[in-house]
Amino acid sequence: MTANLQELYQEVILDHHRRPRNRGTLSEPVHRAEGSNPLCGDRLTIYVRLDGDVIAEVAFEGSGCAISTAAASLMTEAVKGKTVSEAQVLFERYHRILTEDGGEADASRALGKLAVLSGVRQYPVRVKCATLCWHALRAALEDRQEVVTTE
Ligand code: ZN
């Protein structure tokens, strides 16, 4: 990755950390799940409203580090309007660029803005911060009641 691209990515992350999109709650009836990353202290609750199979609305609240907040903000933008299975595919691709070498060029095309978090791969501890919201989203869609933890 070039230094310029890395800087641009960093700016997008900071912007979503400072001004998170879709932050808040959704009124019932809604699918919701809580996620916890004890290693870093990140806690998130994800709210999802489905219209048939489509994610019509999604929101999050909670507190955590810059990466976890930015990741949740970017995720809500990325999955809104997508079907549940499209969101699942997106999560798999996203997870791949965060954990596997060489997937980057391929993934940044498929991931759009989510690619800004690909630099997290260099910091394995941070991968949990960047994926917590996605684990919680999946739990919400499956109506799991227990708190999802990255540990
Ligand atoms: Zn974190």
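Axes here are lines fitted to C-alpha atoms, for helices over the stretch in contact, with angles from 0 to 180 degrees between N-to-C directions. The model shown is predicted.

**View A. Packing of helix α2 against helix α5.** Helix α2 spans residues 66-79 and helix α5 spans residues 124-141. Their axes come within 8 Å and cross at roughly 40 degrees. The two helices are therefore oblique to each other, since angles under 35 degrees count as roughly parallel and 65 to 115 as roughly perpendicular. The crossing of α2 past α5 is right-handed. On the α2 side, the contact is made by Ile67, Ser68, Ala71, Ala72, Met75 and Val79. On the α5 side, Arg126, Cys129, Ala130, Cys133, Trp134 and Leu137 take part. By class, this contact comprises ten nonpolar residues, one polar and one charged.

**View B. Protein donors of the zinc ion.** In sequence, the donor residues follow the spacing C-x1-D-x22-C-x63-C. Cys40 counts as partly exposed because its relative accessibility is 34%. Asp42, at 1% relative accessibility, counts as buried.

View C. Leaving aside neighbours within four places in sequence, valine 12 is in contact with Leu74, Lys113 and Val116. Valine 12 and leucine 114 are separated by 102 residues in sequence, yet their C-alpha atoms are 9.9 Å apart in space.

Terms used
Residues are numbered from 1 along each chain as its sequence is written. This is a predicted model: local features need pLDDT of at least 70, side-chain atom pairs count only at pLDDT 80 or more; totals for chains, interfaces and linings use all residues. Side-chain values use heavy atoms; hydrogens and water are left out. Donors are N, O and S atoms within 2.8 Å of the metal (3.2 Å for Na, K and Ca); water is not among the atoms, so sites may look incomplete. Buried means under 20% relative accessible area, exposed over 50%, partly exposed in between (1.4 Å probe, protein chains only). Contact means heavy atoms within 4.5 Å. Helices (H or I, at least four residues) and strands (E, at least two) are DSSP runs, numbered from the N terminus. Angles under 35 degrees count as roughly parallel, over 145 as roughly antiparallel, 65 to 115 as roughly perpendicular and the rest as oblique. A crossing is left-handed if the near helix is turned anticlockwise from the far one by less than a right angle, and right-handed if clockwise. Ala, Val, Leu, Ile, Met, Phe, Trp, Tyr, Cys and Pro count as nonpolar, Asp, Glu, Lys and Arg as charged, and the others, Gly among them, as polar.
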